[in-house]
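This note is written for a colleague who is new to the structure.

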Amino acid sequence: MGDSTFLDRMLLQLRSTCKYYSGYPKDLGPSRIIHFTSEREFVQLLHQGYPVVVAFTIRSNYTQHLDRMLEEAASEFYPNIKFMRVECPKYPGFCITRQKNEYPFIEIFHSPQQAGNEGKVQDPNITRYSVKVVPYNYDISPYGFREFFKRQGVRTSLNEAT
């Protein structure tokens, strides 16, 4: 009886310390993925200053795997990088503006800056912003996200230098 508790403690320690241990499901805690509800909420999220990884999806068998990988990556990079999931059948207008027709796909939005007022001014109360959008074409895993962020120069932690 005493050996089983020691074994349980050893396995718990292994699961909590080994980042790439994949023998058992990881306890990731509460979900860190933000579900898209409106463009206004998305803009507010961008204004927080963190990069936002957005997965544009439709329901399929592949998205179950994608959801698990996003959950894992979101828990690893929280709170410095936000992860959002958009279900395109629910919000077709937002997905159509991305001008893609193959789902799922992932894009990273970061570095929002106030844009100049080029062209005609429609309303002086409206502030325009430009956001850097980078398509994600790496491995869909925490390791793939880490390598992508490194190559793009995106900070993944507060103590990391840019």
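1. A disulfide is a pair of cysteine sulfur atoms within 2.5 Å. In general terms, it is a covalent bond between the sulfur atoms of two cysteines. The present model, which is predicted, holds one disulfide.

2. Which residues form the disulfide? The partners are Cys88 and Cys95, whose sulfur atoms are 2.1 Å apart. The torsion about the S-S bond of Cys88 and Cys95 is about -85°, and the disulfide is therefore left-handed. Cys88 and Cys95 are both buried.

3. A pair of aromatic rings is described by the distance of the centres and the angle of the planes. Ring centres within 6.5 Å make a pair, and by this rule the count comes to 16 aromatic pairs. One of the pairs joins Phe77 and Phe83, with 6.5 Å centre to centre and 15° between the planes. The Phe77 and Phe83 pair is stacked because planes under 30 degrees apart count as stacked. Phe77 has a relative accessible area of 4% and is buried; Phe83, at 1% relative accessibility, also counts as buried.

4. Tyr103 and Phe105 form a further aromatic pair, at 5.5 Å centre to centre. The angle between their planes is 40°, and the pair is tilted. Are the two residues buried or exposed? Tyr103 counts as partly exposed at 29% relative accessibility, whereas Phe105 counts as buried at 9%, because the term buried applies under 20% relative accessible area.

5. Tyr103 and Phe105 also belong to a cluster linked by ring pairs.

6. Where is Leu45 found? Leu45 is in helix H2, which spans residues 39-47. With a relative accessible area of 7%, Leu45 is buried. Leaving aside residues up to four places away in sequence, Leu45 touches Ile34, Val52, Lys82 and Met84. Between Leu45 and Ile34 there are 11 residues of sequence separation and 9.8 Å in space, C-alpha to C-alpha.

Definitions and conventions: Residues are numbered from 1 along each chain as its sequence is written. This is a predicted model: local features need pLDDT of at least 70, side-chain atom pairs count only at pLDDT 80 or more; totals for chains, interfaces and linings use all residues. Side-chain values use heavy atoms; hydrogens and water are left out. Rings of Phe, Tyr and Trp (its six-membered ring) pair if their centres lie within 6.5 Å; planes under 30 degrees apart count as stacked, over 60 as edge-to-face and the rest as tilted. Buried means under 20% relative accessible area, exposed over 50%, partly exposed in between (1.4 Å probe, protein chains only). Helices (H or I, at least four residues) and strands (E, at least two) are DSSP runs, numbered from the N terminus. Contact means heavy atoms within 4.5 Å.
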